[in-house]
Amino acid sequence: MLLSLRYCLLIVALLVLLFVAALLVGHQTLTVPDLWLLVQGQATPLQKIVVWELRIPRNLLALLVGAALATAGAIMQGVTRNPLASPGLTGVVAGASFVIVLLVSVWSVDAHWLPAAGFVGGIGAGCLTFYLAWQGRLLPLRIVLAGVAVTALCAAISTALLLFSGAEAGDLFFWLAGGLSGRGWLQVEQSWYWIVFPMLLSFALVQRFNLLLLDDDIARSLGLAVGRWRLLFLLLAVLMTAAVVSVAGPVGFVGLVIPHISKRLLSQQHPFWLPFTALLGALILLCADLLARLSAFPQEIPLGVITALLGGPWLLLLIRRGLN
Amino acid sequence: MPGPGIVLNEAPWYRSLSCLVGPVLLFLMLLLGCLLLSITLGASELSWQQIVNLFTAQESGHVERVVWQLRLPRALLAAMVGIHFALAGFILQTLTRNPLADAGILGISAGASFTAVLAILGASLFVSGLESHRQSQMILGYLPLLAMAGGVTAAGLIYWLSGAARLTPLRLILTGVVLATILNALVTGVLALWGHSQTEMIVEWLAGSLHGRDWQHLAVLWPWTLSGLTACILLQRPLNLLRLEDDQVLSIGLNLRLWRLFALIVATLLAASAVGVVGPIGFMGLVVPHICRRLSPHDVQQQMLLCVAVGALLMMLADLLGRIIIVPYELPVGVVCAMIGVPFFLYLLRRQP
Amino acid sequence: MSLVTQHIQMGYADSIVIDDLSVKIPQQQITALIGPNGCGKSTLLRGLAGLLAPQRGQVVLQNKALPSWSRQALALQVAMLPQKPVAPDGALVRQLVNYGRFPYQGLLRSASREDLEVVEWAMKRTGIAHYADKPVQALSGGEQQRVWIAMAIAQQAQILLLDEPTTYLDWGHQLEILELLSQLNREQGLTVVMSLHDLNQAAQYSDYVIAMEQGQLIAQGTPVQVITPQLLSRVFKVRAQVVPQDNGKPYCIAQGTVSAADLAVASEKEVA
């Protein structure tokens with residue numbers, strides 16, 4: 001308990017520090033005194049716009065995206081008791097982005113509905129993956145391979161749509177690379193409730209989550225309707241993922257890697273494990289977004305590239321060492 | 001002792017091929033038919049009469065241009081590329097004893113794409129002032145070679161990552177998938193940073209497309225096809241043995257490491273050179289070897305020969321399908337292959353123990 | 001709390017494991033299920049716990065068929081411990097035992113004072129109180145088994161089903177578990193149903209024995225009635241001597257396996 005409190009404090013401190021740092025750096029570099037002036041309302045209009053309209057909403061989005069993906073990954077890995085089940089590898093992300101690409105390029109649907117549409121696509125793809133991987137029981141690797149196939153199919157159709165959509169192709173391509181560049185208050189408004197409410201609900205249901213980590217027979221004989229609750233948790237995870245995809249595009253590896261790290265730091269059975277994982281995800285995504293903004297300054301690298309470069313080698317190592 | 005379903009074929013090669021004369025003729029006819037279809041069908045429909053007239057040299061310039069400059073080279077290139085991917089897939093599947101292996105899935109294509117994209121963008125950076133199509137012509141000749149460098153690196157990484165601990169087939173595939181994801185992310189990153197003027201062209205290339213390919217692409221690829229086929233002839237006998245367990249192979253007296261490395265390099269050469277010219281086309285290397293094994297369950301020589309025929313045929317058909325399915329638009333052949341290949345992959349996955 | 005199966009047929013996908021089995025579990029007694037591997041003991045236990053629905057027939061708890069009980073209401077009456085459960089990563093002993101109180105807790109309500117007391121009692125009862133804050137996976141097999149039993153008794157159900165609770169334990173730990181169960185049975189009036197491989201333990205610690213073979217009920221009754229040389233040779237294909245002990249319970253001494261020829265002779269004798 002004490003240990004986790006210390007971790008939490010450390011993470012929150014880092015979070016605040018990074019948040020402030022991310023407010024300062026960029027094309028318009030600010031200093032801490034500038035920020036102080038801004039808080040007092042004495043900054044130049046340009047600085048005001050840069051901070052209030054560009055950097056704060058973007059940072060908030062990074063926090064939301066990181067927390068949502070980490071929680072979604074933690075839930076999926078937990079309730080399926082499968083170390084490789086994550087929104088990315090199960091095809092949920094690809095399904096959501098496929099439907100979103102479809103709606104944007106063919107019908108130009110109102111952005112408010114994109115999370116809901118992505119939800120439908122994500123659920124469709126997720127169900128397909130689990131159905132295809134099912135063989136009396138679910139083996140981790142089989143899920144991933146079925147997910148690869150579903151992802152490949154979604155990606156192929158998305159590519160075709162991309163090529164036909166002509167003028168928007170470049171934009172959509174970079175949206176498919178995943179990133180927060182140019183996102184603002186509008187995207188925060190569109191997506192925050194799709195992310196925050198499912199997340200809070202999953203935190204509140206922690207007891208059931210913990211039981212789902214047990215053997216099915218035990219959970220059932222303790223009076224838990226296992227199938228129903230597992231489904232609910234998976235739906236929550238898919239909803240959060242779809243919301244993320246609708247604002248930031250497919251950002252890979254976060255949902256897979258963060259839960260593994262947070263499992264090392266804190267027992268999965270701890271009542272605050274899910275919130276802790278969310279916090280960790282928020283921190284790491286903020287960090288990644290900062291890297292995306294700065295590492296090729298003055299240009300920007302898509303966020304999905306950064307997360308793939310950070311998370312991919314780590315996953316390779318995990319596979320090489322053997323998944324337990 | 002050979003495992004179930006494995007026959008060590010030590011008969012002279014011509015004997016196992018002699019019974020193939022009938023099928024080979026059949027496939028040649030199919031190929032010819034397919035070629036004719038490819039020439040006739042498309043955005044501007046040609047009649048059979050016009051084709052016949054073409055050979056008797058009575059046809060107008062338009063038809064001549066469409067056939068000789070666009071459709072014929074494209075169909076031939078499709079056939080060559082099909083052979084490349086099919087043989088690469090066949091070698092990889094035999095080598096890893098894994099029915100799910102394929103240049104695309106193992107990340108070799110992604111490695112090849114990465115260096116190819118780097119080369120294309122690099123050319124546009126350093127040789128500015130020329131028109132973009134002149135640039136791409138300049139670099140075209142080097143693309144297979146450069147793509148191969150990337151492909152070999154990716155293959156080496158896979159080999160290294162899977163070498164230490166003996167990986168199960170599924171785990172090997174997972175390693176490849178993750179590697180491919182990382183490399184694709186790198187491609188995206190490179191495009192985002194330096195790709196501005198050419199994003200659209202490269203996106204189309206990344207989808208795996210035969211659009212706008214002509215004789216010069218064919219001229220670039222054929223030496224690689226030839227050397228790949230030659231290498232495959234050398235590989236026939238060792239490949240037959242590589243299907244066995246390691247210890248058995250060693251006890252037979254084959255230099256396991258050497259041949260395995262050679263086979264891997266040949267597969268990479270075939271896949272990467274094709275990627276350099278037409279972009280990463282996935283799943284063809286997965287599907288074709290299975291069809292060939294179905295047609296000839298025991299004999300590696302026959303299977304390889306069948307791979308050449310079926311690969312060429314299928315790729316030509318896939319490209320034709322992509323061209324005529326939503327006229328006047330064109331579906332990249334890579335997308336068509338994925339749509340055919342993914343259900344097949346899933347079917348294979350379900351049969352994996 | 002009566003627990004009865006009526007002509008149940010159970011199985012998985014395409015194989016039938018139990019066929020037309022009717023049995024009444026005696027209340028407030030310890031019942032041992034015996035039989036060779038694969039005879040359907042585990043399947044029967046899962047059926048009794050409502051974890052696997054019968055394909056035909058029904059399991060009835062207190063005159064109400066199991067499907068009409070809600071999961072939670074059922075958990076208040078019947079606790080089940082599967083064979084060799086795996087503790088999740090990092091779970092502490094106290095946490096795991098506390099899960100036994102899950103059916104008493106509402107959607108958002110966490111542990112009450114009473115829950116905490118029951119958890120303490122269960123840990124004390126099973127002798128694991130001093131490990132309370134250790135991770136379960138750090139304990140030995142016998143200790144882990146006691147943690148699971150603590151969880152099951154913290155559930156305070158009147159019927160406790162255990163699938164081979166002594167497997168993988170050393171001799172001393174096996175007896176410890178069995179003695180614990182028989183104490184709980186005496187003091188709390190707990191109904192215990194468990195599958196056991198060791199016939200002498202079954203005879204020693206149970207009041208009632210159910211013998212199964214190939215999904216069928218072969219014999220049921222007190223240990224003396226059921227555990228006989230004839231049954232042993234028929235069910236286990238073992239030639240054995242059964243001697244009564246001082247406390248009246250039978251004790252088996254194996255002498256060898258029964259060959260097919262012996263079986264034929266035995267059945268001829270029975271006919272005669």
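pLDDT is the predictor's confidence in each residue, on a scale from 0 to 100. Keep that in mind as you click around, since this is a predicted model.

**Stop 1: colour chain C by confidence**

Chain C has a mean pLDDT of 86, and 94% of its residues reach 70 or more. Select residues 191–195 of chain C: this is strand 8, where confidence in the chain is highest, at 94. Now jump to residues 260–271 of chain C. That is helix 10 of chain C, and confidence is lowest there, at a mean of 63. Where pLDDT is low, the predicted coordinates should not be read in detail. As for scores on the model as a whole, both ipTM and pTM come out at 0.80.

**Stop 2: where chain A meets chain B**

Show chains A and B together. You'll find 37 residues of chain A in contact with 34 residues of chain B. Which helices of chain A each supply at least two residues of that side? Select helix 6 (140–164), helix 7 (169–176) and helix 14 (303–321) of chain A. Helix 6 of chain A gives the largest share, with 15 residues. Colour this side of chain A by residue class and you get 27 nonpolar, eight polar and two charged residues.

**Stop 3**

**Stop 4: a residue in helix 1 of chain A**

Select A:Ile11, which sits in helix 1 (residues 2–24) of chain A. Is A:Ile11 buried or partly exposed? It has 18 other C-beta atoms within 10 Å, so A:Ile11 counts as partly exposed, because a buried residue needs 20 or more. Leaving out residues up to four places away in sequence, A:Ile11 touches A:Leu279, A:Leu280 and A:Leu283.

**Stop 5: chain B on its own**

Hide everything but chain B. It has 15 helices and zero strands. Of its 353 residues, 47% are buried. Among contacts in chain B with a separation of 6 or more, 79% are between residues 24 or more positions apart.

**Stop 6: strands in chain C**

Back to chain C, with strand 1 (residues 3–12) and strand 4 (residues 56–61) selected. They pair antiparallel over five bridges, and C:Gln6 stands opposite C:Gln58 in strand 4 of chain C. The hairpin made by strands 4 and 5 of chain C has two residues between the strands, and C:Gln62 takes a positive phi near 50°.

**Stop 7: the nonpolar core**

Finally, look inside. The largest nonpolar core has 303 residues, and those with the most contacts inside it are A:Ala68, A:Ala149, B:Ala271 and C:Leu161. Zoom in on C:Leu161. Setting aside neighbours within four places in sequence, its contacts include C:Leu45, C:Leu48, C:Val78, C:Met80 and C:Val193.

Technical notes:
Residues numbered from 1 in each chain as written. Chains lettered and ligands numbered in written order. Predicted model: local features only at pLDDT ≥ 70, side-chain atom pairs only at ≥ 80, totals over all residues. Helix = DSSP H or I, 4+ residues; strand = E, 2+ residues; numbered from the N terminus. Buried ≥ 20, exposed ≤ 12 C-beta atoms within 10 Å, placed from the backbone. Contact = placed C-beta atoms within 7 Å. Nonpolar A, V, L, I, M, F, W, Y, C, P; charged D, E, K, R; others polar. Pairing = 2+ DSSP bridges. Core = buried A, V, L, I, M, F, W, Y, C linked by C-beta atoms within 7 Å.
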